[in-house]
Amino acid sequence: MADPLTKLAYQALQQGKSLVGVAHKEVSTKLMELVAPKGAPKTLPIPPQMLGDLQASNAALMELDWEEAEQGLYPTSLLFDAPWLDWAVRYPMVWLDMPSTWNRRSERNVTDLPTDLDSDSYPDYYLQNFHHQTDGYLSDYSASLYDLQVEILFNGTAEPMRRRVIKPLIQGLRAFADRSPSQLRVLDVATGTGRTLRQVRAALPQAQLVGLDLSAAYLRQANRWLSQLPNELPQLVQGNAETMPFASGSMQGVTCVFLMHELPAEARQAVINDCFRVLEPGGVLVLADSVQLADSPQFETAMDNFRRVFHEPYYRDYIGDDIDARLAAAGFSGIRATSHLMTRVWSATKP
Ligand SMILES: C[S@@+](CC[C@H](N)C(=O)[O-])C[C@H]1O[C@@H](n2cnc3c(N)ncnc32)[C@H](O)[C@@H]1O
């Protein structure tokens, strides 16, 4: 059992991250209103009741994150895992990048992408500046800022929310308890910069882990993060999650974090279908993405503000979508879902 001091340190760290995130957003919003008022998004005021609900959900998330570490699902050290030095160095770049983001927002320019891009290699819906991100997902520069930007966006809760995939993944993999842990293959779909894979690696030290993403630049960043782990040889593949370059039935577990809300409805179903295809019967899919209107109506204003501030063209459709029905349509059974602050986690089994 970890000592109470470690728990206190974890709580203090999370509170510190939350303060930095809130302060950063306050100051940057004021600055934007001053410097680039045309681009300032018109957000709705957060009702006091919702603020209370958010604080309570945040506290519950921290408690669960701690409890699951104590239960041995992942090491307590994972709660402190972050590239602090790297983020400290990159933080000024986040500020320097803001004017170009404001500019794109005020110009309503959502296709400001690198000019040397081979656009035939990507689906149309992908060729946009999601979140008004400089270069979209298509440059090393974008990949170098992404993790820190997400940490700030979620006030330091991005990693605790990603970690919620670990428990259902481990539970699902019990279907293969007769195999040695090194025979289990787990695929992280839309792995981005590999933060989820880093969490899963801590929980499954022997499993074969594979990450897939459309962005070579984000995979290069994932390679950097994952290569820091002792003895890790990252297995990263560039490809479209709708038609993945893996054999049918070749995975025992699949995770997919924060992808669904960035896809049009047909692509969402195609990705779920392909996750089903690559899983071996008995295998588990764990999806994590934004909460939705049906499960978290109390956070409707936060969801609405999210799409007002960031370019998220499919988010409104996503929050009303029936993911359970999509999982069932793909052939999954044993569908379960839980919500943790702003993230909903589904798990489902291939019969
Ligand atoms: C919001 S990010 C999430 C990344 C990562 N899972 C995380 O938790 O930070 C969405 C990711 O999905 C990837 N992506 C979007 N559409 C894709 C597709 N059709 N196939 C594969 N990757 C895709 C993007 O390149 C990006 O890395």
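**The sheet and a helix upon it**

Seven strands, given as 7 in the order E3-E2-E1-E4-E5-E7-E6, form an open sheet with mixed pairing, where strands are DSSP runs of E with at least two residues, helices are runs of H or I with at least four, and both are numbered from the N terminus; two strands pair if DSSP finds at least two bridges between them. Strand E3 (235–238) and E6 stand at the edges with a single partner strand each, so one side of each is left without a neighbour in the sheet. From one strand to the next the twist averages 15°, with axes fitted as lines to C-alpha atoms (for helices over the stretch in contact) and angles running from 0 to 180 degrees between N-to-C directions.

The model is predicted, so local features need pLDDT of at least 70 and side-chain atom pairs count only at pLDDT 80 or more, whereas totals for chains, interfaces and linings use all residues. Residues are numbered from 1 along each chain as its sequence is written, and side-chain values use heavy atoms, with hydrogens and water left out.

Strand E2 (residues 208–213) runs parallel to E3 and is joined to it by 4 bridges, and the bridge partner of Val210 in E3 is Gln235. Helix H12 packs on the sheet, touching E5, E6 and E7, and its direction makes about 20° with that of E7; contact here means heavy atoms within 4.5 Å.

In H12 (residues 323–330), Ile323, Arg326, Leu327 and Ala330 are buried, that is, under 20% relative accessible area with a 1.4 Å probe and protein chains only. Seen down the axis, these buried residues fall within an arc of 100°, so they line one face of H12. H12 is followed by Gly331, whose phi is positive, near 120°.

Definitions and conventions. Buried means under 20% relative accessible area, exposed over 50%, partly exposed in between (1.4 Å probe, protein chains only). The arc is that of the directions from the helix axis to the C-beta atoms.
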